[in-house]
Number of protein chains: 4
Amino acid sequence: MTTLDTGFDSPQHQAALTELYDDFAAVGMTPLWRTREGLMPFSPEPRAVPHLWRWAELHPLAARSADLVPVGRGGERRAIGLGNPGLPGDPYATPTLWAAIQYLAPRENAPEHRHTQSAFRFVLEGDGVWTVVDGDPVAMRRGDLLLTPGWRFHGHQNVSDTPMAWLDGLDIPFVATTDQGFFEFGPEVVRDSSTPERSRNERLWGSAGVTPESAAAAQPASPLMAYRWANTDAALTAQLELEQEGHPGVLGPGHAAVRFSNPTTGGDALTTMRMGMHRLRAGARTRPVRTTASSVWQVFDGTGTVTLSGTDFTLAHGDVFVVPSWTETTLHTDTGLDLFTFSDAPIIERLSLLRTETGAAR
Amino acid sequence: MTTLDTGFDSPQHQAALTELYDDFAAVGMTPLWRTREGLMPFSPEPRAVPHLWRWAELHPLAARSADLVPVGRGGERRAIGLGNPGLPGDPYATPTLWAAIQYLAPRENAPEHRHTQSAFRFVLEGDGVWTVVDGDPVAMRRGDLLLTPGWRFHGHQNVSDTPMAWLDGLDIPFVATTDQGFFEFGPEVVRDSSTPERSRNERLWGSAGVTPESAAAAQPASPLMAYRWANTDAALTAQLELEQEGHPGVLGPGHAAVRFSNPTTGGDALTTMRMGMHRLRAGARTRPVRTTASSVWQVFDGTGTVTLSGTDFTLAHGDVFVVPSWTETTLHTDTGLDLFTFSDAPIIERLSLLRTETGAAR
Amino acid sequence: MTTLDTGFDSPQHQAALTELYDDFAAVGMTPLWRTREGLMPFSPEPRAVPHLWRWAELHPLAARSADLVPVGRGGERRAIGLGNPGLPGDPYATPTLWAAIQYLAPRENAPEHRHTQSAFRFVLEGDGVWTVVDGDPVAMRRGDLLLTPGWRFHGHQNVSDTPMAWLDGLDIPFVATTDQGFFEFGPEVVRDSSTPERSRNERLWGSAGVTPESAAAAQPASPLMAYRWANTDAALTAQLELEQEGHPGVLGPGHAAVRFSNPTTGGDALTTMRMGMHRLRAGARTRPVRTTASSVWQVFDGTGTVTLSGTDFTLAHGDVFVVPSWTETTLHTDTGLDLFTFSDAPIIERLSLLRTETGAAR
Amino acid sequence: MTTLDTGFDSPQHQAALTELYDDFAAVGMTPLWRTREGLMPFSPEPRAVPHLWRWAELHPLAARSADLVPVGRGGERRAIGLGNPGLPGDPYATPTLWAAIQYLAPRENAPEHRHTQSAFRFVLEGDGVWTVVDGDPVAMRRGDLLLTPGWRFHGHQNVSDTPMAWLDGLDIPFVATTDQGFFEFGPEVVRDSSTPERSRNERLWGSAGVTPESAAAAQPASPLMAYRWANTDAALTAQLELEQEGHPGVLGPGHAAVRFSNPTTGGDALTTMRMGMHRLRAGARTRPVRTTASSVWQVFDGTGTVTLSGTDFTLAHGDVFVVPSWTETTLHTDTGLDLFTFSDAPIIERLSLLRTETGAAR
């Protein structure tokens, strides 16, 4: 290329460069050659870091807030987001995922609203709360996964005399970053305060492969809003039993896993988040895996260890940990371990960007 | 256009035409102008006719054959096809569908084979038979729908002391017409003679929306091979209850209906056939409907009347009737009516040919 | 199984069997064990046979009909179907495909109609005819493929002083067998008798990858109705050139092939038929291949030999041959060979029934 | 809910709250009730702002850099990103899109590399550069759109004696935010320095609807890498002519628009970005529209005005402007106007989040 006569390292050249960069800055221009490595790394260099929150810490804090802060219109929810230490300023677990502890005191009601953000609840313990989704009351009980696909009105009510805490997962960061958020208030009290054992969506969609003829077309998100623990547990149990009987089913040795899917498509239950449940048999150790989806996990039952990029985190009931993109992950348990997980895989996969590598067993 | 000088109706012209048509025939040519109306009617003019077979007639005939004809290699199955009177020579219910009564005597075994034809069994009554699909024994009981997607080895065994009869549905005519049939013998005795309460495929796929992570990709046909009556019944009951509670779900007033679907896609459970179950509340009458899919129906429970192109057929337990393409159909019941049905809709729909018209309520 | 005391080969048994079979016949029942081999062969046993028609025979016959039979309402088209000798009684090339020579005399007009059957025209030679599809006049010239997807009004007019003959392909047999045919008359004279160089659909859709923003959604059949020879020829030429330059592109050594596709989906241009063009370099011989799709081929240019299930057929300009399902096919040419082809592959493939085997090079 | 006896506004309550919030902060917890409005606005509140850069300013700055900064390994490209004033610190046009001016001096070579980020080039003016994509040299000329789908090696070389500047579009921000970036160096000099008139991909894929049989399956990104101006121009001209002839085709009155698509799917040419070209007839004014996709536009030809959320920006040759999510946009021209545009619509649309509203004509 043509260059200044004076050479690239002359004072004149440096001065001209400085002036050029100032002129760039004045109109908001940034040279790629000065930023390429940061913008386009050789492999993902997430700002989010592997992190674990102890349920033993989270739960008392959430409980304290119930004594100090009411649930009501405006604030909408007594939900406390878990902010990744690598993403200061934003209360985000990963760049795409929001994870929060929601806490509803006895007899409390969280007002109805709707938003384009997709949401789910995973219930670590307790019962007595109904979430009302587009007028359909859905019981929330231990081990259940409850969906609120985007733009459905929903509120919660606790009809019991005990508080209840659960894990909320939303795509708030993704929707915020891409400016896709719409929000609308609904009634201040849930529109149907009945507490049926089984919601209407479960009555219509709750049996595998039995689809209402009146609604057989594909829908972007699942019309089934509740995935009950008894079913999830049975499926995990079956995989491990089948492994022992010599048949396929498990994801890896001693490692059962299910994905929660949309019965109208067979794909992910929500458009932007993939939810799943994993069970490790006592003594199992997974092969190291890394994937470009980011994820959040919660210990549902048992104890164990997760190793994230070489760092061990011990796991106990309710603990929540986050796995950033491309973080090597190994799970191990001596006692048996049940883990709930959600990730942004549907986003990444649909855009043909998902990469996953599995290492050798150790 | 240029014509013979002698005009179109002259003897010379007729002689020339006759000669032309003879010359056409000699090389296998057929003028469209002499056949257009038959080849391309204004609307479907099926050769198949509406027809009903009485279970009271079919079942004794099937039973008699058990005393006279063994089940074994070569004949393969004691299945007796129901031939539409409009399709003489071919034992086909409709141009695409084969329906048969299959009968297995006590302690009998039907040898394993596989074929590209898709198949299902619908069990009108009884139990004690297991169908073994690719080595996975699947119990067959009253009201159940059991699948054998194309090219899976399968055999049946009756482990009980009573005979059992069921409805077999296959796409034999479609596969025959399009020359897609492959067939292969398997073991003469089912390879797994165990009789588990629940098959392996049910243990892996039997819960709505709970998908094995190890097998989450879309599959052309359903990996779930058994759709149990208890689930089907509950779904139909729920639709009618929801109707009474003022909520959507039913297909029409007093008319519940489900479709059996593939949990990996949400689409039809088999690639070439759509199976469903309908329930009419006592007193219900459906609006007249006609569709270009052809179908076969079996009365599972209750009594009623089906009107096909203006002709009434009374319906009793086990009766089988056939609805050709574009045949106006109305169902009515005073007592309540449960109907199993299967059709070629997946073929027609995927090719963008399906038309359906619903008439006014009467 | 239980049997008659008298044994299976006793006269009593035979008499009972005869009586049973008579009783079966009386209600239209056919035992599978007496028909299984015919209904469910080990591999496809098409009734259709490999066959070739000589253009040198077909064309004069078509021309003679122009002197004797007018084109007009009722007969609709001067099209003469080529009936496979294996399918007597039906003027079908294969069980799913209809192939015909259509002939339009100078200044003739074929009236408008529409039907659910999909159709195309492939022009062996000549020009001067416009086909008017939903009011859009489309020029027909040598080497062009022109589409008439199902249920579009269409008529033809010859504005020249010379007759024109072309190959018509339709899914008439498939639509007839499955009872999906609807037909409707349109104007007796084409509604737009203009003769533009380029049709409106070509102006909107004729450039690869340039999609009208107003019509960007997927459509079952192609909105582009004309695939011009210049483009097809260039694509085939390019594949053979790329082969010589050492780059991928050809289907096999010395064997270029294109498929005509729907620009809104990338899939087949018509819902039920796949059309393509093949070019063999002088001296090329294809590996033997057999597939369960059935197809019809027409020699566009050059000479050669096709071997169908071991029988050689010499190929000359305009010759039409038919390849039934699962018929081993080899092409060879000393001089170079261009072949147009159409098949029912979209039907078979969508139903997951398509099998294709390629043998070793010889 | 239960509250502190002292009431919600007591000093004790405030102190307890402060302590709670401190304790939250210590473990990275953020209450939704204090952040909901920011995280979940009633409608998109993009930080990115409407903004326009003048080509008259951008081009000289890019040219100056050619005298001061070489192109080579490490910096990789002389590309200068346009940073939205609302997104300080990040050189991003919108939260998902990167837009840059790339400048290649006479006889310069930009080394090969590949990355998971998808990229395209749009050529405002000039020629003489070839971009080599996976070894296939693709000429870049005025008005052309050239693709580099993710993970394809690519380099550029200018074989002429004049510099060339063009617009680069990439999904760098989206890939960075979601941590999906992989990057790899290739040869320092493009591996094929030939300068063919037509690239190999154009020879294989450059004709509408003519698909190589050897590569007929769907591919996530377009195998056609070059969309030539002559074709784009002809398509836009045709739409406006068809409008005057009374036929459909235009997007709105006097407003032609095309989308660049992937011939193997009919969908967007790239997985994460939608590219298009718009033409307004002299005197045309579009209806106001707002959509949740964000986009960048460049004036290719003509002059006019864009009104973004009520602010007018005059438009001249080469000017680049950015339209954040949900920004009301109106275009007007007295002289005629050609605009290139790209957006993140494929991302938003696949996740069922895309909303678009069109206002009344003014």
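In this predicted model, 90 residues of chain B are in contact with 90 residues of chain C, contact meaning heavy atoms within 4.5 Å. This is a predicted model in which local features need pLDDT of at least 70 and side-chain atom pairs count only at pLDDT 80 or more, while totals for chains, interfaces and linings use all residues. Residues are numbered from 1 along each chain as its sequence is written, chains are lettered from A and ligands numbered from 1 in the order in which they are written, and side-chain values use heavy atoms, with hydrogens and water left out.

**Chains B and C**

Between chain B and chain C, about 7800 Å² is buried. Buried area here is the accessible area (1.4 Å probe) lost by two parts on being put together, summed over both. Carbon and sulfur atoms give 68% of the area between chain B and chain C.

Two salt bridges cross the interface of chain B and chain C. The rule asks for a side-chain nitrogen of Lys or Arg within 4 Å of a carboxyl oxygen of Asp or Glu. D23(C) pairs in this way with R64(B), with 2.7 Å between the closest N and O atoms. On the side of chain B that touches chain C, 51 residues are nonpolar, 24 polar and 15 charged. Nonpolar covers Ala, Val, Leu, Ile, Met, Phe, Trp, Tyr, Cys and Pro; charged covers Asp, Glu, Lys and Arg; the others, Gly among them, are polar.

Strands also meet here. Strand β1 (residues 29–31) of chain B runs antiparallel to strand β3 (residues 79–82) of chain C, joined by three bridges. Two strands pair if DSSP finds at least two bridges between them. Strands (E, at least two residues) and helices (H or I, at least four) are DSSP runs, numbered from the N terminus. T30(B) has G81(C) as its bridge partner in β3(C).

**Chains D and A**

| Item | Chain D and chain A |
|---|---|
| Residues in contact | 90 of chain D, 90 of chain A |
| Buried area | about 7800 Å², 68% on carbon and sulfur atoms |
| Salt bridges | two |
| Residue pairs in polar contact (both at pLDDT 80 or more) | 23 |

A polar contact is a pair of N or O atoms within 3.5 Å; within protein, one must be able to donate a hydrogen and the other to accept it, and residues adjacent in sequence count only if both atoms are side-chain atoms. R64(D) forms a salt bridge with D23(A), their closest N and O atoms 2.7 Å apart. Strand β3 (residues 79–82) of chain A and strand β1 (residues 29–31) of chain D pair antiparallel over three bridges. I80(A) stands opposite P31(D) in β1(D).

Chain A and chain C do not touch, and their nearest C-alpha atoms are 16 Å apart. No contact joins chain B and chain D either; their closest C-alpha atoms lie 16 Å apart.

**Chain A**

Chain A has seven helices and 24 strands. Its C-alpha trace spans about 85 × 55 × 45 Å along the principal axes. Of the 362 residues in chain A, 62% are buried, meaning under 20% relative accessible area (1.4 Å probe, protein chains only), with exposed over 50% and partly exposed in between. Among contacts in chain A with a separation of 6 or more, residues 24 or more positions apart account for 74%.

**T116 of chain C**

T116(C) sits in the loop between β5 (109–115) and β6 (119–122) of chain C. T116(C) counts as buried because its relative accessibility is 9%. A polar atom of the T116(C) side chain lies 3.0 Å from the backbone nitrogen of F182(C). Not counting residues up to four places away in sequence, T116(C) touches residues including L353(B), R355(B), W151(C) and F182(C).
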